[in-house]
Amino acid sequence: MTVESLIPHGDFVGLEGVTHLCTGGEAPWFKDQVETYAEFARCKSGGDRGRRLIYETGERCRERMGALWGVPAERIAFMPSAAEGMACLARGLCWQPGDNVVTTNLEFPSVAYNWRNLREEGVEVRLVPHSDWLVREEDLLATVDERTRVLAISQVSFYTGQNLNITELAAGLAGTDTLLAVDATHAAGAVQVHAAKADLCVSSSYKWLLATHGVAPCYVSDRAEALLRPTAFGWRNLAVWPAQGAERAPDAEEKPMPERLEPGNPSMVSVLYLDYALERILQIGIERIEAHNLDLSEQVNAGLEGLQQKVISPKVRERRSGNTCFAVDDAHVLCEALADREVLVWGEHGRVRVSGHLYNNSADVERFLSVLQELI
Ligand SMILES: Cc1ncc(COP(=O)(O)O)c(C=O)c1O
């Protein structure tokens, strides 16, 4: 089967003659974002009216993000990074000695280490081990007990590309007090994300969402919001305007989501970039993008196995994602050699990650495999 691109390579900056298979690290940039910037610049110079136009586009971005994730827009805050989103729980819940957090020993650092200060308060961090690079939902659930405050995981693994079954995890936690916190950075824009199953779902924007740094949409459920104390306060998350005038009272009411987690202005230029990227993603539809990315993953997998490489990504289609990964001792050296030949993949910590997204096609996969063959 030949997989065609869903968006032409030519819509992106710098892809002429380049095989770009590293969206899991950094996505390429839409040429049309020049227009987004021009509009931002006009609004930015346009005083209060211009500012209001920027906010209107920001609210449209929230709507689009809600549509992508199947949750109400007003439950999505714009955080500065995925790490900060996860930190809302670490810093904002009332922890007690003896509480614990369950995560895995293959987790991305921001998910695994956000809880480190809590160890001083007697909170245990449980790292569920992977089994031959696979994290099992049943192992995660079996590690949760009545003192588990948060089960924190990435939906799609940065290391192996495994797409965890969030529905199964949510069902396993039903009726408990454990919050399900999902880092969807390698899932959002690439595969379906059912954020409503989680209590917190956050994603950076510079990978599969095709935007850039500085904004990370963060969904928070009703019950998580009720438990969370904001850890920063400012003009935007307190009802000082217009409830108060120039003079301050000792107390000011906290606003609900989404401003609750936005004490000051988010990076609005990044929000506008995200809004445009979401328009393009939603035009195609996430089901179609997911099917396309899984088809590419299967082609990468088959080709790597044909070259006797040790693929560490799951073999079952339902557990696949846009990332297909193989073990290499000196991953960075191999990536540099590929980059010298205009083939961009991402490698570190003993594995190389090949990411196929909506602008990739079978020809990209074939070019990667043929250059790899020359090198090994
Ligand atoms: C799972 C995961 N979460 C988060 C990030 C980074 O997100 P941010 O820089 O927005 O914290 C990465 C980057 O590689 C990642 O792989």
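The model is predicted: local features need pLDDT of at least 70, side-chain atom pairs count only at pLDDT 80 or more, and totals for chains, interfaces and linings use all residues. Residues are numbered from 1 along each chain as its sequence is written.

The chain contains 11 helices and 13 strands; helices (H or I, at least four residues) and strands (E, at least two) are DSSP runs, numbered from the N terminus. For 376 residues, a compact globule would have a radius of gyration near 21 Å, and the chain, at 21 Å, agrees with this. The radius is taken over C-alpha atoms, and the globule rule is 2.2 Å times the number of residues to the power 0.38. The C-alpha trace spans about 70 × 55 × 30 Å along its principal axes. Of the 376 residues, 47% count as buried; a residue is buried if 20 or more other C-beta atoms lie within 10 Å of its own, exposed if 12 or fewer, and partly exposed in between, with C-beta atoms placed from the backbone. Among contacts between residues at least 6 apart in sequence, 70% join residues at least 24 apart. Two residues are in contact if their C-beta atoms, placed from the backbone, lie within 7 Å.

The domain assignment gives domain 1 (9-29 + 285-375) and domain 2 (35-282), with bounds that come from an automatic or database assignment. Their centres, taken over C-alpha atoms, are separated by 27 Å. The contact takes 21 residues from domain 1 and 20 residues from domain 2. On the side of domain 1 that touches domain 2, α9 and β10 are the elements giving two or more residues, and the largest share, five residues, comes from α9.

The next subject is an open sheet of four strands, in the order β9-β10-β13-β12 with antiparallel pairing. Two strands pair if DSSP finds at least two bridges between them. The edge strands, β9 (310-311) and β12 (346-348), each pair on one side only. Strands β10 (residues 323-327) and β13 (residues 351-355) are joined over five bridges in the antiparallel sense, and Cys-325 has Arg-353 in β13 as its bridge partner. Helix α9 (residues 286-306) packs on this sheet, touching β9, β10 and β13, and its direction makes about 15° with that of β10. Axes are lines fitted to C-alpha atoms, for helices over the stretch in contact, and angles run from 0 to 180 degrees between N-to-C directions.

Another open sheet has seven strands in the order β2-β8-β7-β6-β5-β3-β4, with mixed pairing. Strands β2 (76-79) and β4 stand at the edges with a single partner strand each, so one side of each is left without a neighbour in the sheet. From one strand to the next the twist averages 20°. Helix α3 (residues 82-92) lies across β2, β5, β6 (179-183), β7 (200-202) and β8 (216-220), at about 165° to β7. Helix α6 (residues 166-173) lies across β5 and β6, at about 165° to β6.

Strand β3 runs parallel to β4 (residues 124-128), joined by five bridges, and parallel to β5 (residues 148-154), joined by three. Asn-100 has Glu-124 as its bridge partner in β4 and stands opposite Thr-148 in β5. Val-102 has Leu-151 as its bridge partner in β5.
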